[in-house]
Amino acid sequence: MVKVTIDGVEVSVEPGTTILNAARQIGGDVVPPAMCYYSKLPGTGGKCRTCLVEVAAGSAADPRPMPKLVASCSTPVQDGMVVNNKSSQRVHDNRGGVVEFLLANHPLDCPICDQAGECHLQDLGYEHGSAKTRYEEDRRIFEPIDIGNKIKLHMNRCILCYRCVYVANQLTDKRVHGVLHRGEHAEISTYIEQAVDNDFSGNMIDVCPVGALTDRTFRFKSRVWFLKPMEAERSCSKCCGKAVVWMFGNEIYRVTARKDQFGEVEEIEQKTAWLCNDCRFEKKEVTDWNVLGPRVINRQSVISQGKYATTIDKPVKRIS
Amino acid sequence: MESLTNRKKVVSDKPMTFMEKLYIPAILKGMMVTLKHMLKRRKTVKYPEETRTFAPIYRGMHVLKRDEQGRENCTACGLCAVACPAEAITMTSAERTKDQMHLYREEKYAVTYEINMLRCIFCGLCEEACPKEAVFLTDRLVPTQFERDEFIYGKDKLVESVDNRIDITKRQFTGKRTKI
């Protein structure tokens, strides 16, 4: 076990753990945000640069600070490492710069986007973004296209995190979409439109940190904060069948995987609870599911806004 | 019990004096008050002929605005409904098709948009929440009705007509963004 200090909190982790995962073991404010890294998908990370942290001391043997900020999702910890995330102004400023770059081509059509309310880029922009844009050039504009008959791709909103590509590589038998072109022209696409058709392709929607890949069966149906997320399960031969159904009254509007506090699909019985397309898109009747009860939602989340019970008993700030 | 305030007046029933029994000084005193008020400026207006001017930021009946090209601004984002403390706003949305480009400004539009005027407390939070400058409160009043369901205003009553625009310029520049 190696000892590492993140924002003044000491934690001992397995050797080879990345700084980000060590911070996640502490939890709370010290966890750097991650747009491209997805712990359930090996190989992800290192692309978006939002998780940059300052290493104030490299290790106990060599306590010199690292000259540049490092990507915490792909930097392994060393014994005696001292990391600053929230406590470093330099990290905060840098992250603001990264957010500005991510938003350079982002259309900011949150009022339309189905991801609004559970969007990682929205959270990041809220915390680090500036109210004004310095970008004078025209943004890249793509028409939204249907990839497969259940998924809509809004390339305008994509931040090229490659998570969906890893999902296709690791969950499905063959990948039929990917990133075309390079640099400024890079875009997610299929060569033949409507080509994505695999039992697990719907998980692309869950891993997408922005609203680039959205559910066509839920498209513009409602806003997430008007729906009630309920934990539900059903016996499915293809997947674990454990999901969250988003209900309005007695109707199921959409089905998503269960996500943890980092926005990643939960692990249930040591297995990542990916959903098959059948459960996600076809089973929209209450009788299809065994609804277990309401899902615990963070009070600060907009999803808990519509309900009086959760907004009235807000935690009171104590004067100490 | 002893009174907590000293506002209580103790009633007395002592017999009236001769001067009081005449009543004339008291009547004259009362007439003086009346006369004084006759010379003062009237505080009321003759309502149907005369109306009071509303403050430019008066919060009356809502309007759903259109842009310069006559397209509806509202994109059914639901922020007004979530901001509404009285839960008066409901809406459903749909995707704009190719031949509706001239009707709706954004990709998504409100198929139905209803404000229950009986629930509404005219606080103006919907206007404040709106990111598309679509919903505004105006200086128009909600007329009285005989049935309760007539107070549920749909898009037919809320959206301004293309030729008869509702002027909201006075309230538009109150620190909000000016360019879309």
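Visitor: Which residues have the most contacts inside the largest nonpolar core?

Guide: A nonpolar core is a set of buried Ala, Val, Leu, Ile, Met, Phe, Trp, Tyr and Cys residues joined through C-beta atoms within 7 Å. A residue is buried if 20 or more other C-beta atoms lie within 10 Å of its own, exposed if 12 or fewer, and partly exposed in between, with C-beta atoms placed from the backbone. Here the largest such core has 74 residues, and A:Cys164 and A:Met204 have the most contacts inside it. Helix α4 (residues 163-171) of chain A gives the largest share of this core, 6 residues. Another core, of 26 residues, lies apart from it, and B:Leu64, B:Ala88, B:Tyr104 and B:Cys120 are among its members.

Visitor: What kind of model is this, and how are its parts labelled?

Guide: This is a predicted model, in which local features need pLDDT of at least 70 and side-chain atom pairs count only at pLDDT 80 or more, while totals for chains, interfaces and linings use all residues. Residues are numbered from 1 along each chain as its sequence is written, and chains are lettered from A and ligands numbered from 1 in the order in which they are written.

Visitor: With which residues is A:Met204 in contact, leaving aside its neighbours within four places in sequence?

Guide: Two residues are in contact if their C-beta atoms, placed from the backbone, lie within 7 Å. Leaving those sequence neighbours aside, A:Met204 is in contact with A:Ile151, A:Cys164, A:Val167, A:Ala168 and A:Leu213.

Visitor: How many helices and strands does chain A have?

Guide: Helices (H or I, at least four residues) and strands (E, at least two) are DSSP runs, numbered from the N terminus. Chain A has 7 helices and 16 strands. For overall form, the radius of gyration is taken over C-alpha atoms, and the globule rule is 2.2 Å times the number of residues to the power 0.38. Chain A has a radius of gyration of 20 Å, close to the 20 Å that the rule gives for 320 residues, so it is as compact as a globular protein of that length. Its C-alpha trace spans about 60 × 50 × 40 Å along the principal axes, and buried residues make up 39% of the chain A residues.

Visitor: How many helices and strands does chain B have?

Guide: Chain B has 6 helices and 5 strands, running α-α-β-α-β-β-α-β-β-α-α from the N terminus on. The radius of gyration of chain B is 27 Å, well over the 16 Å that the globule rule gives for 180 residues, so chain B is more spread out than a compact globule. The C-alpha trace of chain B spans about 95 × 45 × 40 Å along its principal axes, and 21% of its 180 residues are buried.

Visitor: How many residues of each chain are in contact with the other?

Guide: The contact involves 9 residues of chain A and 12 residues of chain B. To describe such a side, Ala, Val, Leu, Ile, Met, Phe, Trp, Tyr, Cys and Pro count as nonpolar, Asp, Glu, Lys and Arg as charged, and the others, Gly among them, as polar. The side of chain A that touches chain B has 5 nonpolar, 2 polar and 2 charged residues.

Visitor: In what order do the 5 strands of the open sheet in chain A stand?

Guide: Strands of a sheet pair through backbone hydrogen bonds, either parallel or antiparallel. Two strands pair if DSSP finds at least two bridges between them. In this open sheet of chain A the order is β2-β1-β5-β3-β4, with mixed pairing. At the edges stand β2 and β4 (70-71) of chain A, each with a single partner strand, so one side of each is left without a neighbour in the sheet.

Visitor: How do β1 and β2 of chain A run, antiparallel or parallel?

Guide: Strand β1 (residues 2-6) and strand β2 (residues 9-13) of chain A run antiparallel and are joined by 5 bridges. β1(A) and β2(A) form a hairpin with 2 residues between them, and A:Asp7 in the turn has a positive phi of about 55°. The bridge partner of A:Ile6 in β2(A) is A:Val9. β1(A) also runs parallel to strand β5 (residues 81-84) of chain A, with 3 bridges, and there A:Ile6 stands opposite A:Val83.

Visitor: Is A:Asn298 buried or exposed?

Guide: A:Asn298 counts as exposed, because it has 10 C-beta neighbours inside 10 Å. A:Asn298 is in the loop between β16 (290-294) and α7 (308-312) of chain A.
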